[in-house]
Structures are given as C-alpha cells and as structure tokens.
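Please look over the sequence and the model shown here before reading on.

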Amino acid sequence: MLLLIIAYSSALFLRADATSKFAYEATLLGDEDVGRFSAIAFGDRATASPVYEGPECKVHPGTGAWPSELDWGRLNRSLERALLDPVPPAAACYRGPKMDPDQCSFLLRGASSSRFYIDDPLTVFTTWPEGDTCYAASNTSGLNCTQGGFPSYVVNVTTVKQIQAAVNFARNRDLRLTIKNTGHDFLGRSTGFGALSIWTHWLKDFEFLPNYHIGEYEGMAAHVGAGLESWELFSYMARHNMTVVVAAGYTVGAYGGWFQGGGHSALASTYGMGADQVLSLNVVTADGRVVTADVNQNTDLFFALRGGGGSTYGIVTSAIVKAHPPTSVLGSPLTFSVRPSSNSPANSTESFWEALDAYHQFGLDIVDHGGTAYSTVSRIAPQADGIAPAGARFTASIEMPGMLATDIVAFVQPLYDRIAGLGLDVPSPNVMPASNWADTSHGVGDTPDNGGRFASRIFPRVSFEEPSRFIATQKAIRNTIEAGYTFHGISMAPGLSVAGYPGQSSAVNPAFRTAVMFADVFEGTDLRGLSAQAVRDAHARFNVFMDQIRHATPEGGSYFNEADIEEPLWQRAFFGTNYEKLIDVKVKWDPWSLFYVPAGVGSEHWVVRTIDHGLPTQDGPLCRAESGASA
C-alpha cells in the first residue's frame, strides 16, 4: 500500500524530464528532407568560426547570390507551401497592379474594428522603423509604395519543421532573417529589407498543467504556444481558475518578444516580470536544431532568453510558465489638472506639481502593497491670448491585485485627501475593474501609424526615498513635461523577492530589481514628411530633457522592449551588468550572426545601409559595421 501511495503521489506532478511538446512541435525536419534539398541542411556550431566569415552584407534582392526563383520554389515545397511573398496591405491605395479602392477604403475606415492588421503577415504597428514606405492614405498622389523594410518572403509557420527549414535556408544562403509574432514592435526588430521572415503568429496551443515540477518549483503551470496573444489568455485563466502573467488585455504576444525583453504588467509588483514566469522553453537555434532550455539543460540559453532580448539567440516555439492562484485586479482612477486663467501669477501651477510629488511618494506605498499604477502627465497649452501660463493634466489608474474594493478606497484615501488639500479638484475615490488587467477589446482594433519616437527610464527606489534625490528626480520630470513632452509613468517593483524561482537568476535588466517606477517619455514629433535634419533636430531637443532624467537616475536603465533606438550607452541601459555574459551566450549559440535586431546583443557589429532618414531604419541592406557602411 505504501508503494502505491508513493507512486500515486509522484504521478501527481509532471516532471521536467517528461518534456512537454505540442503537436506542431512533433513535426521536425529530418535527414530525408535535407537529402532532397541541401540548402536546408543543418549547421554545426562545433565547426563554425567564432569570428563571422560571411559576406560584407547579408544577401538581398539585386545581388548575384540572391536565391533563384527555382530555389525559392524548392524551399516552398520543403515548407509544405507555407512560403508567402506578400506586399504591404496599403498597396491597395496606390496606383499600380495592387490598387483596390474598396480595399483601401476598408483599411482607412473598417480595419480599426477588425483583426485585419494583427493577422497580416507583414504589418508592424509602428511604421517609421520600416521606413514608412507604404502607408494607407485617401490621397496618394505623388507618393510611392515600396517594399521598403518589409521582408521579401514570409514563412507562415504552423510546424516547427518549417521554422527549422527557414532558419537553415537563411543561414546557408547568408540571408537576413527576421521573426514576427503580432507586429507590436517599436524599434524595427520584426522588419528588414530583403529578409526571410518567420511568422509565429498561429502557434496558439495551450495546456494547463495542474501539477508541474522542475528544480525547486512545484505547482501549477501552463504550457503555452509562442503565438498566443495576451487577451486570449484571460479565457484560459477563467476556465482553469488560475492566473498567468501577460501583457494586460492587449494583442501583444505574451510568449514571444514580450517576455524575452523582460515583460511588465499590472502584476509586476506581485509576481514579477514576464520573464520571471518561465520554467522551460522549446527553442529552434541558429543551427536549425530544436532544444529545450530550462534550469537543468542549456542553462545559459535559458538565462539569455528570459530578459536578454527577443530574436537574438533562437526562436521560441512554446514555453512552460508559472500559473498562480486566481488574482482579481481592481483599480481606482485619479485625475487632476490645473489650467491658469489670464493674468494668473507665474506660480499658479505649483499646487499641481506638489500633487505630482505626493503621487510619486505614494507610489512607494502602492508597489510595497503589490500594486501597479499607470499615470500620464502632459502639458496644457496656454489659452489663446498667450497671457496665461501653461497648465498641466494628470490621469492615473491605481491597480491593486487581490485587494478588496473597500480596502482600496481606504488605501488611496490619504493620497486623495493630500491632493484635495492643495486646492485641486479631486473626485472621491471609486473602484472599478482594472483597465490594465482585462480583455476589453477581444483582440480587435489595432492599426499601424508612424508612432513617433519615445524613450524610457527605469527609476530606482533611491530616487524616491532619499529627499535630495527625489527633488532632483521630480525637477527633471517637471522640466520634461513643461517642455511639452508626455510622461507615462508606471509604478511597479518587480524585485527579486517577487521574481521567485527561477526568475531570480534571469537576464532581466538588473535596474528593474531595484525599481519603483518605469516610464515612457513621448517626443510627440510627427515624423512623416520631415527632413532628416528636422528629425535629428527634434530628437536633439528631446534628449536635452531625457538627459536630465538619466542624470537624476544614474542607477536606472532603459527597457529593451520600449525604448529609444538611439539610447545612449544602450548596452548598459538595456542589459546592465548582464551584457558581457549575454555576448558570450550569443557567440556560442549563434556563431553565424544569423539573428540580428537593432540595439540587441551583438548588434553593434552590424549597420543598415539606407538613405538618411535622420534616425535608424531597416529599409536597406544589413552590413558589417567595420566594412565602412553608414546607417
């Protein structure tokens, strides 16, 4: 009887050595496939040179080494007809063979209430990194639509075999390779001129694992496909009475670049970053092989893939992640503003800035109680007569996982009272479902735009706890807002204590571990139609104020997924002290430099040759930096 009890108890937990794979991961590239088409042969890391020996530039259309139509056809057969050669959707709006007025009208008027763009193999939602070479417009007279930084071919992945074949073909033919999931990409990491793109969007399998054991972890888990969007996970959470950490209710892919870059959410102060949730990963590496990375095997790769940046070390096909007890998230909205009237004194906005001080100080209480708060602060232009000073506007949602509505009201009341005591009009606290932790759009509505530029900063606790540092930090933030830039702050504290096992040993930017706030600061420049010099001038003005914030937060950093493509000293800003270790992992697992993303690990050795846009874009050949190419 004792033996039966022990056996039954052991069976309750799925052990890590019982590797979990989805059906699409069981279909693999084999020797028979390679025998029919040698261009998809596997690589050998053991014999690969640690120093890149490929051509000066990745092979691209117009070069003699570009694969022939026959070769693309053979690849397509190896991919089971999954190879696409799509044109930008907005080609429907331009004179030429793809012009379609009805489709153009849909793009302009109907796409925002559909899933058209999220399900499109090319679309990225921030268009300037691609070169903004083909955008939907009602009047395109005098404009051209070109492929620009969009890839030449896309593999519509439904099996791991297809990923392996595409990886091998790109490596063996010295092609640029890009990876796209949902298209939520601010920096051009899912685009590339002449590239072969691997589109993981449809890898959406899910399995709940009520008992899972690996290393020191025993508990609930979920096996998740790389293509699952964050909003899609909420139905699984409800069905299985548990919570997994995702990027709120948006169409952001939860198990692609989001967690690989770190991944923040409304649960960051309770359960840590998205990268902290990962227990095991199935990965296609640069040699075309499939490996599992976890705390027991390929541990260096496991480290790098959890926070060291997406599309850099391999292609994740699925993950096993922690599942937590069901966690409700309620929020309390807070708004206040000041708009001086004509002939108001110059200091008429001081109450607003004192209120912002109070809010940021209260942010320590929010994160120390496991909460996250999303705020936006912006300048209000002076009234038309030009006599009144500029005003300012503040909005926030204070979101407290697991806290009851009555407790939230009592928790935030001192903050509301403090702000009201400054003479600002503040409504009484009320509670509602958190806006950043719910499926509100059902995956509908995303449309691309040129996005503008922004920078980000991770604020350390010392900047809010030490009085002199707090004064300097708030002054830098105020100067930035008064200069006309929008400040979007997120109070969050994903420290090591909430990261748990095995998140405490991940590649997440170390600055997040002592953070109490993360912020995006929006430049607001409409880039479309600007000259290259005007783009540079606008960004230089913006950086005058971002540098004040950077100087006030020397222990801070920047967030790889949401950042300025020209972030100063980006290696330290994005990766901190992890960078040298990540370089070693990159060289070991990708000696061919197959995987490249702008401002990613190892990217300093590469540059895109393109026309001068005033900022780095991806609409040109990717070349070795030491070859004399210019961005």
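A salt bridge is counted here when a side-chain nitrogen of Lys or Arg lies within 4 Å of a carboxyl oxygen of Asp or Glu. The model is a predicted one, in which local features need pLDDT of at least 70 and side-chain atom pairs count only at pLDDT 80 or more, while totals for chains, interfaces and linings use all residues. Residues are numbered from 1 along each chain as its sequence is written, and side-chain values use heavy atoms, with hydrogens and water left out.

**Salt bridges**

- Side chains of opposite charge can pair when their charged atoms come close.
- By the rule given above, the count comes to 26 salt bridges.
- The side chains of Arg 173 and Asp 71 meet in one of these, at 3.0 Å from N to O, and the pair links distant parts of the chain, 102 residues apart, with Arg 173 in the loop between α6 (160-172) and β4 (177-180) and Asp 71 in helix α4.
- Helices (H or I, at least four residues) and strands (E, at least two) are DSSP runs, numbered from the N terminus.
- Asp 71 is buried, with a relative accessible area of 14%, whereas Arg 173 is partly exposed at 24%; buried means under 20% relative accessible area, exposed over 50%, and partly exposed in between, using a 1.4 Å probe and protein chains only.
- Arg 609 forms a salt bridge with Glu 56, and the closest N and O atoms are 2.3 Å apart.
- Arg 609 lies in the loop between β18 (606-608) and β19 (622-624) and Glu 56 in the loop between α3 (31-36) and α4 (69-78), so this pair ties together parts that are 553 residues apart in sequence.
- Arg 609 is partly exposed, with a relative accessible area of 31%, and Glu 56 is also partly exposed, with 39%.
- Glu 482 forms a salt bridge with Arg 478, where the closest N and O atoms are 3.1 Å apart; being 4 residues apart in helix α14, Glu 482 and Arg 478 are separated by about one helical turn.
- Glu 482 counts as partly exposed at 38% relative accessibility, as does Arg 478 at 21%.
- Salt bridges that share partners join Glu 32, Asp 33, Arg 36, Glu 80 and Lys 161 into one network.

**Helices α14 and α16**

- The axes of helix α14 (residues 467-482) and helix α16 (residues 532-552) come within 9 Å and cross at roughly 165 degrees; this makes α14 roughly antiparallel to α16, a label given to angles over 145 degrees.
- Such axes are lines fitted to C-alpha atoms, for helices over the stretch in contact, and the angles run from 0 to 180 degrees between N-to-C directions.
- Among the residues of α14 that meet α16 are Arg 469, Ala 472 and Ile 477, and on the α16 side they include Phe 545 and Ile 549, where contact means heavy atoms within 4.5 Å.

**Asp 520**

- Asp 520 has its place in strand β17 (residues 515-522).
- Asp 520 is buried yet has no salt bridge, and the nearest side chain of opposite charge, Arg 550, is 11 Å away; Lys and Arg count as positive and Asp and Glu as negative, while His and the chain ends are not counted.
- Leaving aside neighbours within four places in sequence, the residues in contact with Asp 520 include Phe 454, Thr 486, His 488 and Glu 562.

**Pro 414**

- Pro 414 is found in helix α12 (residues 405-420) and is partly exposed, with a relative accessible area of 49%.
- The C-alpha atoms of Pro 414 and Phe 362 are separated by 9.2 Å, although these residues are 52 residues apart along the chain.

Methods
Angles under 35 degrees count as roughly parallel, over 145 as roughly antiparallel, 65 to 115 as roughly perpendicular and the rest as oblique.
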